Amino acid sequence: MLNVIREQTHPVTQRTNELPYDVIALVLQGGGALGAYQAGVYEGMHEAGIRPNWLAGISIGALNAAIIAGSPEDERVARLREFWETICAFSIEWPAGEGLVDALPFAFDIHSVRNALAATRALVQGQPGFFKPRFPPPLFSPFTGDAATSFYDTAPLHRTLEKLVDFDRLNSGEVRVSVGAVNVRSGNLTYFDTAERRLGPKHFMASGALPPGFPAVEIEAEHYWDGGVVSNTPLSRVLSGDARDTLTFQIDLWSARGRVPHDMMEVSSRQKDIQYSSRTRAVTDQALRMQKMRLALQRTLEKLPANAKEDPEIRAIADLARHRSHNIIHLIYQSKLNEGHSKDYEFGLSAMRRHWQSGLEDIRRTLSDPRRLDPPSPELGIVTHDIHRRD
């Protein structure tokens, strides 16, 4: 099966370039308000004609995946924008609000003030279409269950997903969707996958149920928290699949690299970056080891007599040893100077639009070099492109 990227070369005609991959995967990390960066990346992929047929997400990445997979192809970007403008709107307009920010002297960092106001607003008021604070707070709740184990009620998110996501389309098989969540009882990471079951709003809410802010989500008598508690990036889910040739767009919201903190606020921010960042190098190193093993098995199988190759067990080994080609396009959101430890819950419209634009610019810069989409050499088997890598 071939996926294609279409480039607009003339107002009327289009040139079609075939990409030799069985799967084009979009891997979306968790990161709260930073997830608008992923929406911008998807817009750039969409305008370039790249249509993923496997979406894998954790937390906010799972919610973005739901919007994409559950929308008609020509409405995906518009639905993403509606989702982000909904959850980043102001539930109540503070009297001081944005007007105060605009009136401040130029000596003030306007973006920092806006971000601080947005973060405070989210903590105190919640976000429309996403979550609302519990009253009384859980520490004073006379009840048990969700009311006593979480600070916010996510019922508004359930309604938003039902409004914006066509779950029949999402489960149609047109696009495979995998979202990760943690089983609270066992502590194990679980993937809800349309290749195995029908997914509904609760599966995506479970993937984003980060404690203690959000309550665990009950599915089939088990309770689940945000997948980022165990692993914040589902790259290994895609690389361990059965597909032979895969082009993966991995969109991360936390960078493992960063400077040594200078104060306590930077310590908190840097801790989050490290805790939630991907271990991409470890995953790709494992994939390289598997590729070397497959090549060794292929050389061994070539030495067997023809009749031995018909043995069912040998044929099964030959299937495991077949060549797999993995090209990983790795984009990482780069934090801005005015962002701190609260950047993942700064749900302001201005911050959201900056994140979105950053993602759009990064993917356009990535795709400006068409060689990045080429499969790796057979000896290598896997290649990673990262436009932000400095070494």
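In which loop is proline 136 found? Proline 136 is found in the loop between strand 5 (132-133) and helix 6 (146-149). The structure described here is a predicted model.

**Cis peptide bonds**

- Phenylalanine 135 and proline 136 are joined by a cis peptide bond, with omega at about 0 degrees.
- Proline 211 and proline 212 are likewise joined by a cis peptide bond, and here omega is about -5 degrees.
- Proline 212 is found in the loop between helix 9 (201-207) and strand 9 (217-219).

**Positive phi values**

- Serine 59 has phi near 60 degrees, a positive value in a residue other than glycine.
- The loop that holds serine 59 runs between strand 4 (54-58) and helix 2 (60-69).
- With a relative accessible area of 11%, serine 59 counts as buried because the limit for that class is under 20%.
- Glutamate 220 also has a positive phi in a residue other than glycine, near 55 degrees, and its place is in the loop between strand 9 and strand 10.
- Glutamate 220 is exposed, at 65% relative accessibility.

**A buried aspartate**

- Aspartate 226 is found in strand 10, which spans residues 222-226.
- Although aspartate 226 is buried, it has no salt bridge; lysine 272, the nearest side chain of opposite charge, is 12 Å away.
- A polar atom of the aspartate 226 side chain lies 2.6 Å from the backbone nitrogen of glycine 228.
- Not counting residues up to four places away in sequence, aspartate 226 touches several residues, among them Ile58, Ser59, Val182 and Leu210.

**Nonpolar cores**

- In soluble globular proteins, nonpolar side chains tend to be buried together.
- The largest nonpolar core in this model has 70 residues; the residues with the most contacts inside it are Leu26, Trp84, Leu170, Phe204, Phe249 and Phe347.
- Helix 2 supplies the largest share of this core, eight residues.
- A second, separate core has six residues, including Val23, Val27, Trp54 and Val238.
- Leucine 170, leaving aside its neighbours within four places in sequence, is in contact with Ala66, Ala69, Gly70, Val165, Val175, Val177, Thr194, Leu199 and Phe204.

**Salt bridges**

- Arginine 364 and glutamate 47 form a salt bridge in which the closest N and O atoms are 2.6 Å apart.
- This pair links distant parts of the chain, with arginine 364 in helix 14 (residues 349-367) and glutamate 47 in helix 1 (residues 36-47), 317 residues apart.
- Arginine 364 is partly exposed, with a relative accessible area of 40%, and glutamate 47 is partly exposed at 44%.
- Aspartate 168 and arginine 198 meet through their side chains in a salt bridge of 2.8 Å, N to O.
- This second pair also links distant parts of the chain, 30 residues apart: aspartate 168 is in helix 8 (residues 167-170), and arginine 198 is in the loop between strand 8 (189-193) and helix 9.
- Aspartate 168 is exposed, with a relative accessible area of 55%.
- Arginine 371 forms a salt bridge with aspartate 369, and their closest N and O atoms are 3.0 Å apart.
- Arginine 371 is exposed at 60% relative accessibility, whereas aspartate 369 is buried, with a relative accessible area of 19%.
- A network of salt bridges links Arg176, Asp193, Glu196 and Arg237.

Note on methods: Residues numbered from 1 in each chain as written. Predicted model: local features only at pLDDT ≥ 70, side-chain atom pairs only at ≥ 80, totals over all residues. Heavy atoms only, no water. Helix = DSSP H or I, 4+ residues; strand = E, 2+ residues; numbered from the N terminus. Buried < 20%, exposed > 50% of the residue type's maximum accessible area, 1.4 Å probe, protein only. Lys, Arg positive; Asp, Glu negative; His and termini not counted. Salt bridge = Lys/Arg side-chain N within 4 Å of Asp/Glu carboxyl O. Polar contact = N/O pair within 3.5 Å; in protein donor to acceptor, adjacent residues only side chain to side chain. Contact = heavy atoms within 4.5 Å. Core = buried A, V, L, I, M, F, W, Y, C linked by side-chain atoms within 4.5 Å.
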